[in-house]
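Let's take a walk through this structure together. Keep the picture open while you read.

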There are 2 protein chains.
Amino acid sequence: MSRTDDVVNGVKRMILEGELRPGERLPIEKDLAETLGVSRGSLREGVRALTILGILDTRQGDGTYVTSLDLSRLLAPMGFVVDLQGDGQFQHVHAIRRMLEGESARLAASRITDEALGEAKTLLDEAERILDKTPQEHERIIEIDIAFHRIIAAHTGNPVLAGMVEALASRTVRERLWRSLREDGVDRRTHGEHIAILRALRAHDPESARIRMTNHLLGVEDSLLDHPLESDKPLTGPID
Amino acid sequence: MSRTDDVVNGVKRMILEGELRPGERLPIEKDLAETLGVSRGSLREGVRALTILGILDTRQGDGTYVTSLDLSRLLAPMGFVVDLQGDGQFQHVHAIRRMLEGESARLAASRITDEALGEAKTLLDEAERILDKTPQEHERIIEIDIAFHRIIAAHTGNPVLAGMVEALASRTVRERLWRSLREDGVDRRTHGEHIAILRALRAHDPESARIRMTNHLLGVEDSLLDHPLESDKPLTGPID
DNA sequence: GTCGCAAGAAACATCGGACGTCTTGCCGCT
DNA sequence: AGCGGCAAGACGTCCGATGTTTCTTGCGAC
């Protein structure tokens with residue numbers, strides 16, 4: 001048990017026991033270091049680790065604060081981890097994404113607001129225009145794809161689900177997918193699937209929404225199997 | 001962008017680009033600090049953060065190594081995050097757990113080995129003996145509960161799923177659940193549900209296994225609603 | 001009395017060095 | 001050849017000093 005672990009566990013304990021509340025400011029480095037019985041250097045290592053985990057937030061010249069502890073913030077490092085996965089494990093990550101986003105669509109169908117439906121429609125209309133144009137602004141297509149899925153996840157009523165979907169469908173994941181798909185013109189097919197999902201959401205039909213979403217993501221996986229990434233398992237192979 | 005972020009991003013980049021491979025040793029602190037253009041202190045903060053994220057592993061007197069990057073290791077910090085959630089968000093976390101473990105049981109039904117079925121049977125037999133005894137070794141019941149679910153998750157063929165189930169059903173989560181349930185004698189009912197799950201797995205019946213598992217976890221949630229935890233939302237309330 | 005600016009204090013950011021502790025492996029002894 | 005001790009290497013920890021940012025406060029002009 002290193003000094004840094006003392007810091008991490010100590011701060012975690014203080015939060016769990018209500019000694020520190022979300023948004024509250026921590027004691028200054030010197031005092032906290034003394035309280036936990038470590039030097040300032042060790043304290044800073046622990047605080048920094050908690051900062052990267054999204055639990056603390058330090059502001060130079062001000063102080064160190066406990067974050068809101070929102071799931072969206074706390075699950076962000078998970079996306080970081082997903083990015084590190086080799087392409088060999090990618091199918092497994094995407095299988096989870098399919099499960100979660102399927103449920104996400106099912107839940108959103110019952111709860112999504114007319115306003116959100118309008119935003120989604122606006123996005124798909126823009127995608128429609130881009131697809132009719134050449135050259136296509138592929139970057140913007142990816143942005144729209146991400147935004148569309150995000151709107152759905154945000155209306156599930158479950159912030160944990162929304163956070164996990166966000167982490168599993170990170171920018172890196174999307175780029176990895178599109179990288180191998182952009183040649184086939186699958187973006188047109190994908191766009192049609194998005195429209196089908198939106199139609200089910202508009203009808204507030206949970207089961208249809210779930211099926212449409214699952215079908216959409218399965219389609220993406222199929223394309224991936226037909227056109228595997230060049231660098232398969234670059235990170236999981238044996239060391240030379 | 002702090003120096004520490006430079007370190008985190010730098011190491012992440014080195015891993016993504018294949019410059020560092022799983023199990024490989026990093027340059028010594030002094031050299032790496034110089035390469036990244038930071039002091040040794042800042043380097044240590046970044047390395048420590050990556051260590052807590054399960055990406056690096058430092059051994060005193062030896063060196064710093066890239067971990068295997070296994071999902072089981074990388075998803076462990078997520079359990080840490082789940083533990084920090086207030087009881088108010090607990091229902092949302094458990095809803096995700098229900099989704100994932102339902103799918104977990106469905107997948108495992110097709111793939112689980114006879115050996116694993118035997119281990120599960122052995123566990124449930126032990127639970128049976130404990131339930132007939134007084135006083136009951138409640139700690140051991142929790143251990144068995146965790147082990148039973150873990151066996152199922154391990155046979156889904158999807159390590160990502162297994163890792164996430166592990167994170168969502170951490171020891172802390174289990175204790176939080178059992179804390180409010182131990183009075184009602186629900187452990188007997190829970191045991192019956194476990195047996196039903198095992199029966200479906202033995203029959204290699206995916207849909208039954210999924211339903212039995214989902215039903216089991218819904219039962220736990222129901223009990224929680226009937227007997228809410230005393231300290232609801234201790235971490236999400238306004239600051240005084 | 002109020003507004004604005006400047007000086008100071010407070011707190012984190014970063015750095016460099018020194019010393020302790022542990023691991024590893026070489027080298028000499030048996 | 002085997003064993004044991006010793007030295008080098010590498011991380012662990014601490015300390016002090018300096019830079020940078022933010023917030024506060026007090027003074028003076030309007």
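Predicted model: local features only at pLDDT ≥ 70, side-chain atom pairs only at ≥ 80, totals over all residues.

**From the DNA to the pair of chains**

Let's start at DNA strand C: the residues of the surface near it divide into two nonpolar, twelve polar and five charged. Here Ala, Val, Leu, Ile, Met, Phe, Trp, Tyr, Cys and Pro count as nonpolar, Asp, Glu, Lys and Arg as charged, and the others, Gly among them, as polar. Residues are numbered from 1 along each chain as its sequence is written, while chains are lettered from A and ligands numbered from 1 in the order in which they are written.

(Helices, H or I with at least four residues, and strands, E with at least two, are DSSP runs numbered from the N terminus.)

Now hop over to how the two chains meet. The contact takes 41 residues from chain A and 41 residues from chain B, where two residues are in contact if their C-beta atoms, placed from the backbone, lie within 7 Å. On chain A's side, α6(A) supplies the largest share, seven residues. By class, that side of chain A has 27 nonpolar, eight polar and six charged residues.

How do the two copies relate? Chain A can be laid on chain B with an RMSD of 0.1 Å by a turn of 180° and a shift of 0.0 Å along the axis, superposing by least squares on the C-alpha atoms of residues with pLDDT of at least 70 in both. The copies are therefore related as by a two-fold rotation axis. The same surface serves both of them: 100% of the contact residues of chain A recur in chain B.
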